[in-house]
Amino acid sequence: MNRLKTWASGLLQSGFLTRLGLASLPVVAGVSYATGQWQILVLSCFAIPVLLLGIRPAQARPYRIQLRKGGTPDIDAALADALAQSSTTHRCAALMLELDEIDKLRDAWGPEGIDAIMSAVTDRLCSVLRKDDVVVQIDTARFAISLPNIRIPELGGVISLIERLQKAARETITLDGVGVYVTLSAGFCLEFRAPARTPQSLRDAAELALLDAKSQQVESLRGYSSNTPARVATPDQHAQDALAALKDGQIVAWFQPQLSTDTGIVTGFEALARWEHPDRGTLAPADFLPALEAAHAMELLSETMLQHALRALRAWDVAGHKVPGVAVNFATQDLRNPSLIERIKWDVDRFEMDPKRLTVEILETVVSEHDDDIITRNIRALGDQGYRIDLDDFGTGHASLANIRRFAVDRIKIDRSFITRADDDPEQQRMINAIISMAEQMGVETLAEGVETIGEKSILSQLGCTHMQGYAIARPMPFDKTLAWLEEHRSQMAQAPYFPRRAV
């Protein structure tokens with residue numbers, strides 16, 4: 001019996017019966033003509049093709065050859081195969097994808113609708129993936145994917161693939177004649193980043209990266225590194241209040257001017273976050289930044305500050321004030337986002353701004369303490385695309401000279417701990433002089449932050465610091481007050497030089 005089944009299956013797959021059926025049609029036609037039985041010919045013309053199509057073996061859709069039945073054993077087996085294939089020129093990676101806002105989709109379309117959506121998304125994922133990639137649906141709304149044989153360096157290739165997968169998923173899905181739009185968040189782990197070289201470790205690391213991505217905005221993407229949170233904690237009430245304030249527009253940008261020590265001309269502003277609380281008044285960052293960080297909302301904060309900063313630049317231009325640029329702080333969470341460059345570029349292009357007018361401030365500790373390859377990639381890409389880079393709080397993070405050169409830093413901001421009482425403390429002056437001399441040798445500008453007295457302004461100018469900001473110049477102010485301040489400062493500059501030049 002088994003041999004008979006094998007023989008029949010072979011005939012079907014070889015197409016023998018199809019050719020036999022088609023070849024019989026002329027014979028049937030001749031018999032029908034000879035006998036005058038035209039009904040036999042008509043019946044055969046319809047019956048034989050229908051019969052042949054009906055007995056053809058079921059075949060998997062060619063764009064789903066990567067699909068497995070589901071479950072962690074399947075993805076672990078695929079990852080084990082991928083690890084076994086790794087070499088000195090090719091590595092593997094694990095990827096997790098999940099539908100965003102699944103609760104809303106389930107409420108709108110029910111379980112059957114979710115199944116239809118997942119089926120459509122599966123087709124699209126498989127159409128993008130290579131034939132050797134393996135995709136497994138391991139939950140109602142989650143996929144795990146094994147990516148073997150990725151050419152080294154693999155980071156750029158994996159990010160590019162994920163972006164194509166996300167783009168494919170967001171195309172319209174039609175359910176009951178209605179267009180449905182879905183997005184996917186993604187987390188991945190490169191082979192050499194996993195805590196251990198095992199399938200389970202790769203899968204778990206990719207899941208942690210996915211959870212990190214899900215804690216951000218929709219369609220986020222994160223790669224696993226030593227900085228990835230172990231688990232995303234539920235934010236407390238204060239964090240939820242701060243997040244709600246940010247979304248409601250209560251947290252806004254205030255601006256503090258930066259001046260040239262040689263000429264006194266405004267060289268830029270720094271955008272600083274302030275919470276304009278309806279009951280407690282204006283709150284400083286120390287009162288809400290930890291809460292926003294706990295709520296995993298630092299990216300949303302930087303996006304808000306960036307848009308406020310670009311809007312301010314445009315308004316200063318319209319008012320006739322020549323403000324060269326504005327600085328915006330970007331936290332570690334921002335720099336770990338593989339889509340950061342595209343997001344910044346979209347905003348800058350939308351406001352029709354020259355990239356060199358945006359300064360990206362990065363903490364020195366980010367450069368000195370983190371070895372995340374995505375952070376490195378983003379910082380270097382920012383410089384390559386023309387954005388200026390300030391290394392903030394210099395002197396606190398032990399950044400090496402090699403890192404300053406490697407990341408093409410334009411300016412280092414001397415931490416205020418070195419500036420305080422610099423006019424009275426010779427030791428402080430020697431420290432500042434050493435930093436400024438190093439910066440001059442490397443062709444990097446310097447900015448002293450936290451300048452609060454006339455004496456500090458004077459000594460910094462004499463030591464050769466190129467820029468400064470602080471209360472001695474102006475306190476942070478809401479945008480509408482910057483226009484009046486710029487007018488007043490321009491009037492003062494017209495009357496007399498603002499700072500003495502450096503003594504030679």
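How many bridges join strand β2 to strand β7, and do the two run parallel or antiparallel? In this predicted model, where local features need pLDDT of at least 70, side-chain atom pairs count only at pLDDT 80 or more, and totals for chains, interfaces and linings use all residues, 7 bridges join β2 (residues 90–99) to β7 (residues 184–190), and the strands run antiparallel. Residues are numbered from 1 along each chain as its sequence is written, and side-chain values use heavy atoms, with hydrogens and water left out.

Within this pairing, A93 stands opposite L190 in β7. Both strands belong to an open sheet of 6 strands, ordered β1-β3-β4-β2-β7-β8 with mixed pairing; strands here are DSSP runs of E with at least two residues, helices are runs of H or I with at least four, each numbered from the N terminus, and two strands pair if DSSP finds at least two bridges between them. Because β1 (67–68) and β8 (221–223) stand at the edges with a single partner strand each, one side of each is left without a neighbour in the sheet. Helix α7 packs on the sheet, touching β2, β4 (142–151), β7 and β8, where contact means heavy atoms within 4.5 Å. The direction of α7 makes about 140° with that of β7, angles running from 0 to 180 degrees between N-to-C directions and axes being lines fitted to C-alpha atoms, for helices over the stretch in contact.

Two helices also pack on each other: the axes of α5 (residues 102–128) and α6 (residues 155–169) come within 9 Å and cross at roughly 145°. The contact is made by V121, R124, L125 and V128 of α5 together with L161, R164, L165, A168 and A169 of α6.

Turning to open space, the largest pocket holds about 1,200 Å³. A pocket is an open set of points on a 1 Å grid over the protein atoms alone, where a 1.4 Å probe fits, with protein on both sides within 12 Å along at least five of seven lines, and lining residues have an atom within 4 Å of a point; a volume is the space filled by probe spheres set on the points, which are joined across faces, edges and corners. Of the 46 residues that line the largest pocket, P285, L289, N329, L363 and D392 are the closest to its centre, and β10 gives the most to this lining, with 5 residues.

The second largest pocket has a volume of about 520 Å³. Of its 19 lining residues, K214, S215, Q216, Q217 and V218 are the closest to its centre, while α10 gives the most to the lining, with 3 residues.
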